[in-house]
Amino acid sequence: MSSGNDQQSEALSKPTFSEEQASALVESVFGLKVSKVRPLPSYDDQNFHVYVSKTKDGPTEYVLKISNTKASKNPDLIEVQNHIIMFLKAAGFPTASVCHTKGDNTASLVSVDSGSEIKSYVVRLLTYLPGRPIAELPISPQLLYEIGKLAAKLDKTLQRFHHPKLSSLHRENFIWNLKNVPLLEKYLYALGQNRNREIVEHVIHLFKEEVMTKLSHFRECEYSPN
């Protein structure tokens, strides 16, 4: 997030679907009968935990993900994200499953009249994975080891992933790309003037001095799907 007009444009790009609209989307696009919907936390997309009526063999809990208007203009990116999820699932990782629409696609573009304009959003449905976020767990050396081990396995596995639209993942000035740490300087205002800001400023300074000068020696990560 940023201040001024940037902050306003980001707010406008984030979907604002009601629970009733989310339920209608699941039924019309994916053909599932919804019994309950509740919102889930999200950054710049919109997520819902969806409960459906019990089917013969399928799961009864899903996550409906509605992409923001900016991401929805790049369907190749979302297609590659979905294929990465399916690739990791096939490789044995505990990932969600990507659900197909009634038209047998992995996502659908829906248009909504906001009153002043027509906005389009890419919607997709994933199976729900129960569990607790790492932030809610007590940190231990063993837990950190397991996280690192999983990350290494993930990186090694993704080196075998290929897709004709893979280049869509390479986005200029994407703040979630670790090599773009210096871009975070424009968000320092959010920390105010305190010790936390001093720590962040110091880390960014060290990154510029110790990492950016050596970037050419590192293997660039090919995947930053989300």
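1. Among contacts between residues at least 6 apart in sequence, 59% join residues at least 24 apart, a contact being heavy atoms within 4.5 Å. Keep in mind that this is a predicted model: local features need pLDDT of at least 70, side-chain atom pairs count only at pLDDT 80 or more, and totals for chains, interfaces and linings use all residues. Residues are numbered from 1 along each chain as its sequence is written, and side-chain values use heavy atoms, with hydrogens and water left out.

2. On the overall layout: the protein has 6 helices and 5 strands, and from the N terminus on the order reads α-α-β-β-β-α-α-β-β-α-α. Both kinds of element are DSSP runs numbered from the N terminus, with helices being H or I of at least four residues and strands being E of at least two. The C-alpha trace spans about 55 × 45 × 40 Å along its principal axes.

3. Next, domains. The assignment gives domain 1 as 9–136 + 158–167 and domain 2 as 179–215; such bounds come from an automatic or database domain assignment. Taken over C-alpha atoms, the centres of domain 1 and domain 2 are 32 Å apart.

4. Now burial and surface. Of the 226 residues, 31% count as buried, where buried means under 20% relative accessible area, exposed means over 50%, and partly exposed is in between (1.4 Å probe, protein chains only). The accessible surface comes to about 14600 Å², and 55% of it belongs to carbon and sulfur atoms. These areas come from the Shrake-Rupley method with a 1.4 Å probe, and for residues only the protein chains shown count as cover.

5. The largest nonpolar core has 20 residues, and Leu-25, Phe-48, Val-50, Leu-64, Ile-66, Val-123 and Leu-125 touch the most other members. Two or more residues each come from helix H2 (19–30), strand S1 (34–40), strand S2 (46–52), strand S3 (61–66) and strand S5 (118–127). H2 supplies the largest share, 5 residues. For the record, a nonpolar core is a set of buried Ala, Val, Leu, Ile, Met, Phe, Trp, Tyr and Cys residues joined through side-chain atoms within 4.5 Å.

6. Ile-66 is worth a click. Not counting residues up to four places away in sequence, Ile-66 touches Pro-15, Phe-17, Leu-25, Asp-45, Gln-46, Phe-48, Tyr-121, Val-122 and Val-123.

7. Then try Thr-69, in helix H3 (residues 69–72). Thr-69 counts as buried because its relative accessibility is 17%. Leaving aside neighbours within four places in sequence, Thr-69 is in contact with Ser-13, Lys-119, Ser-120 and Tyr-121.

8. There are 7 salt bridges in the structure, each a side-chain nitrogen of Lys or Arg within 4 Å of a carboxyl oxygen of Asp or Glu. One of them pairs Lys-165 with Asp-76, the closest N and O atoms being 3.4 Å apart. Lys-165 lies in the loop between H5 and helix H6 (195–211) and Asp-76 in helix H4 (residues 75–90), so this pair ties together parts that are 89 residues apart in sequence. Lys-165 is partly exposed at 30% relative accessibility, and Asp-76 is partly exposed at 31%. Asp-76, Glu-79 and Lys-165 are linked in a network of salt bridges.

9. Helix H6 deserves a look too. Lys-208 and Glu-185 meet in a salt bridge (2.9 Å, N to O); Lys-208 sits in helix H6 and Glu-185 in the loop between H5 and H6, 23 residues apart. Both ends are partly exposed, Lys-208 at 33% relative accessibility and Glu-185 at 37%. Glu-198 and Arg-195 also form a salt bridge (3.2 Å, N to O), but here both residues lie in helix H6, 3 residues apart, about one turn of the helix. Glu-198 is partly exposed at 46%, whereas Arg-195 is exposed at 56%.

10. Last, a surface item. Ile-134, Ile-139, Leu-144 and Ile-147 make a nonpolar surface patch of about 350 Å². Patches are made of residues with over 30% relative accessible area and no salt bridge, with like charges joined within 9 Å and nonpolar side chains (Val, Leu, Ile, Met, Phe, Trp, Tyr) within 5 Å. Leu-144 belongs to helix H5 (residues 141–158) and counts as partly exposed, at 48% relative accessibility.
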